[in-house]
Amino acid sequence: MHNRFQHLGETRQIHNVHHENDIHYTMQLCRWVLKPIGIWHLIYGHFSHYDKLTSVILIVACLSALCFVLIPSGMHTLLREKDINVKVKLFGPVGFCLTSTIKYCYLGARSASLGKCIHHVEDDWRAVRDEDHRRIMLKNALTGRRLTTLCALFLYTGGLSYHTILPLSSRRKVNGSFISRPLTYPGYDIFFDPEASPAYEIVFCIHCLFALITYNITTAACSLAAIFVTHACGQVQILMTLLDDLVEGDRNKGTTVDSRLGIIAKHHVRLLR
């Protein structure tokens, strides 16, 4: 895998002396959210035995946390809960858990294809020649970073408050002495008493960890989509500038129309790929 991605990275000659900083700027936020869930090294392809072991441990831990929430709460929602109003309320968080698990599995299963896309973006950064074209790509990379930041901001602020503040603020006294401590996801009462210490504290912490994992998964999916879409938009804008310069050749002095047309054709073909 390392050799395959290395070969892909060498398919275009390096013209941009700032390509390392530009690639880091484009991929930074995506790498931040993919590393904690163990997917970054699988996607990127460059990893040591230590990185591989770390990714395996993180993936097992993340899947365990997802199953710890999904299986009991899913069984409770579908089979045990009789109140239709409560059942409908639970469909939202349980459904989000299910879709997050599916997205996580998909990221792992399609890691090779996603890695090809990332290396395609990196090759474009290495091959850019014109400073105006680089500014176009940086502008679109900034848009992708802002979309990722906005997604993470909404998910973490709203979601973590749902998993922390809401359960802690919902405690209530029963018969003047017993304090009911509800959890975000029900269904553990068939295995153990979820309101007794330290079971409640352990489950509560796992729910918080589960929330971080699911928000990382969703943010990672949004980040990858934002990077690829904004990068493609930047390449389309560059193609438009090349078309505008086809006849006059003001940006490429000393070149013929045929050579400029050939550059446009190559850029268009690469953009379609």
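Predicted model: local features only at pLDDT ≥ 70, side-chain atom pairs only at ≥ 80, totals over all residues.
Me: Why is A112 called partly exposed?
Reply: A112 has a relative accessibility of 27%. Buried would need under 20% and exposed over 50%, so A112 counts as partly exposed. This residue is found in helix α6, residues 111–127.

Me: And why does D123 count as buried?
Reply: D123, which lies in helix α6 too, has 3% relative accessibility. The cut-off for buried is under 20%, so D123 counts as buried.

Me: What makes the pair D123 and R126 a polar contact?
Reply: Their side chains come to 2.9 Å, and the limit for such a pair of N or O atoms is within 3.5 Å.

Me: How do you know that the length of helix α5 agrees with its residue count?
Reply: Helix α5 has 26 residues, 84–109, and at 1.5 Å a residue these should span 38 Å. The end C-alpha atoms are 36 Å apart, which agrees.

Me: Where does α5 kink?
Reply: Look at F91, shortly before the proline P93: the kink there is about 30 degrees. P93 is also one of the buried residues of α5, along with others including L90, V94 and C97.

Me: What do the buried residues of α5 pack against?
Reply: They pack against α4 (49–80), α6, α7 (131–163) and α9 (199–244).

Me: What reaches the backbone nitrogen of N85 at the start of α5?
Reply: A side-chain oxygen of D83 does, coming to within 3.0 Å.

Definitions and conventions. Residues numbered from 1 in each chain as written. Heavy atoms only, no water. Helix = DSSP H or I, 4+ residues; strand = E, 2+ residues; numbered from the N terminus. Buried < 20%, exposed > 50% of the residue type's maximum accessible area, 1.4 Å probe, protein only. Polar contact = N/O pair within 3.5 Å; in protein donor to acceptor, adjacent residues only side chain to side chain. Expected span 1.5 Å × (residues − 1). Bend = angle between axes of the 7 residues up to and from the residue. Contact = heavy atoms within 4.5 Å.
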